[in-house]
Amino acid sequence: MSKNRENRVQFLELIAAKIRRNVLDICMQRGGYAGQGVALAEIAACLYFDELRPDENQWFYDRFVMSNGHDAIMSYGALAVHGSYSIEELRTYNADGTKIDQSPIEGQLGFEITAGSLGQGPSQAAGIAYGERLKASDKRIYCLFSDGEIQEGNVWEAAMFAGHQKLSNLVYIIDNNNLGATGSTQEILGVEPVPEKFEAFGFAARRINGNSVEEVLEAFEEAKQTSNKPYAMVCDTRLFEGISCLQSALPTAHYVAVDDADWQAGLDEINQRISDLTAQACN
């Protein structure tokens, strides 16, 4: 690995650790989708701090569609590092009267669509990608959705459209964590093999470790080099990956509200990780 590449990976690993800390800080107020937010930290770091190009206002030129609203906690954690939200704002997550909803609405800073009705994002992202192409725009469209969502038929209608239209400006990011709201996707309605299914709809597809900065970067680079096809990144993740004390202590659950001591143990572990990564960067 070249020195520039190594520095880039180290930087993004530090960003991912800060995102994890923000996710815990936000969720420890009244619970939330902490496991997913923590698990998606590397994807968020690479997406927001490396892949999405900035516009003239230092916002984002490319467009990101969050389909599964509960994963908004990932974006909140990243946008706090970005400086678009203060951590004080985000601590009102899911409180009465808050503007920081668990499932965000269209027009909220950082969110393209009203999320929460699962399976809608891929269709809307495909439509946005098609519209940008009609405008001769070079904007790239990214859409995050879950493996549970691909149990929805409209995801495959979107895939059929995107493949038929050869939308090479469209990247699907699938959070493949084998967990739905009521249990394992494998047990409820199996979805594998995910990459091969998207390939059958005309996508280029790749399965990666979604908790590896290097693999996420490689997939994004491959997506940009792919012509005449949309791209599907199938990201295998594990809830609370990167905070071992919580991954081992907490049940595998879609939504968690735990004791302050558990949150604090997680914060202590991730703060040590941030300290170690900062020291490495200075050497």
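Predicted model: local features only at pLDDT ≥ 70, side-chain atom pairs only at ≥ 80, totals over all residues.

Me: Let's begin with E3. How many of its residues are buried?
Reply: Strand E3, which covers residues 170-176, is mostly covered, with seven of its seven residues buried.

Me: And which residues point which way from that strand?
Reply: Leu-170, Tyr-172, Ile-174 and Asn-176 point one way from E3, while Val-171, Ile-173 and Asp-175 point the other way, and all of them are buried. In a regular strand, side chains alternate between the two faces of the sheet.

Me: Which strands does E3 pair with, and over how many bridges?
Reply: Strand E2 (residues 141-146) runs parallel to E3 and is joined to it by six bridges, and strand E5 (residues 231-236) also pairs with E3 in the parallel sense, over six bridges.

Me: What does E5 pair with besides that?
Reply: Strand E4 (residues 204-209) pairs with E5 in the parallel sense, over six bridges, and there Arg-206 stands opposite Met-233 of E5.

Me: Which helices go with these strands in β-α-β units?
Reply: Helix H7 (residues 153-164) makes a right-handed β-α-β unit with E2 and E3, and H10 makes a right-handed unit of this kind with E4 and E5.

Me: Staying with H10, what end-to-end span should it have?
Reply: Helix H10 (residues 213-225) has 13 residues, and at 1.5 Å a residue these should span 18 Å; the C-alpha atoms at its ends are 19 Å apart, which agrees.

Me: And which residues of H10 are buried?
Reply: They are Val-213, Val-216, Leu-217, Ala-219, Phe-220 and Ala-223.

Me: How many residues of H4 are buried?
Reply: H4 is mostly covered, with nine of its eleven residues buried, and among them are Ile-73, Met-74, Tyr-76 and Leu-79. The helix is followed by Gly-83, whose phi is positive, near 95°.

Me: What does its side chain reach?
Reply: The Ser-67 side chain reaches the backbone nitrogen of Gly-121 at 3.0 Å, and it makes a polar contact of 2.6 Å with the side chain of Glu-149. Leaving out residues up to four places away in sequence, Ser-67 touches a number of residues, including Ile-113, Pro-122, Cys-143 and Phe-145.

Me: What about Ile-128, where is that?
Reply: Ile-128 belongs to helix H6 (residues 120-134), and its relative accessibility of 17% is under the 20% cut-off, so it counts as buried. Apart from neighbours within four places in sequence, Ile-128 is in contact with Arg-63, Val-65, Glu-112 and Ile-141.

Me: How far apart are Ile-128 and Ile-105?
Reply: In sequence they are 23 residues apart, and in space Ile-128 and Ile-105 are 17 Å apart, taken from C-alpha to C-alpha.

Me: On phi, then, what are the values for Ala-136 and Phe-240?
Reply: Ala-136 has a positive phi, near 60°, and Phe-240 has a positive phi of about 65° although it is not a glycine.

Me: Are those two buried or exposed, and where are they?
Reply: Ala-136, in the loop between H6 and E2, is exposed, with a relative accessible area of 70%. Phe-240 is placed in the loop between E5 and helix H11 (244-249), and it is buried, with a relative accessible area of 3%.

Technical notes. Residues numbered from 1 in each chain as written. Heavy atoms only, no water. Buried < 20%, exposed > 50% of the residue type's maximum accessible area, 1.4 Å probe, protein only. Helix = DSSP H or I, 4+ residues; strand = E, 2+ residues; numbered from the N terminus. Pairing = 2+ DSSP bridges. Right-handed = clockwise from strand over helix to strand, strands pointing away. Expected span 1.5 Å × (residues − 1). Contact = heavy atoms within 4.5 Å. Polar contact = N/O pair within 3.5 Å; in protein donor to acceptor, adjacent residues only side chain to side chain.
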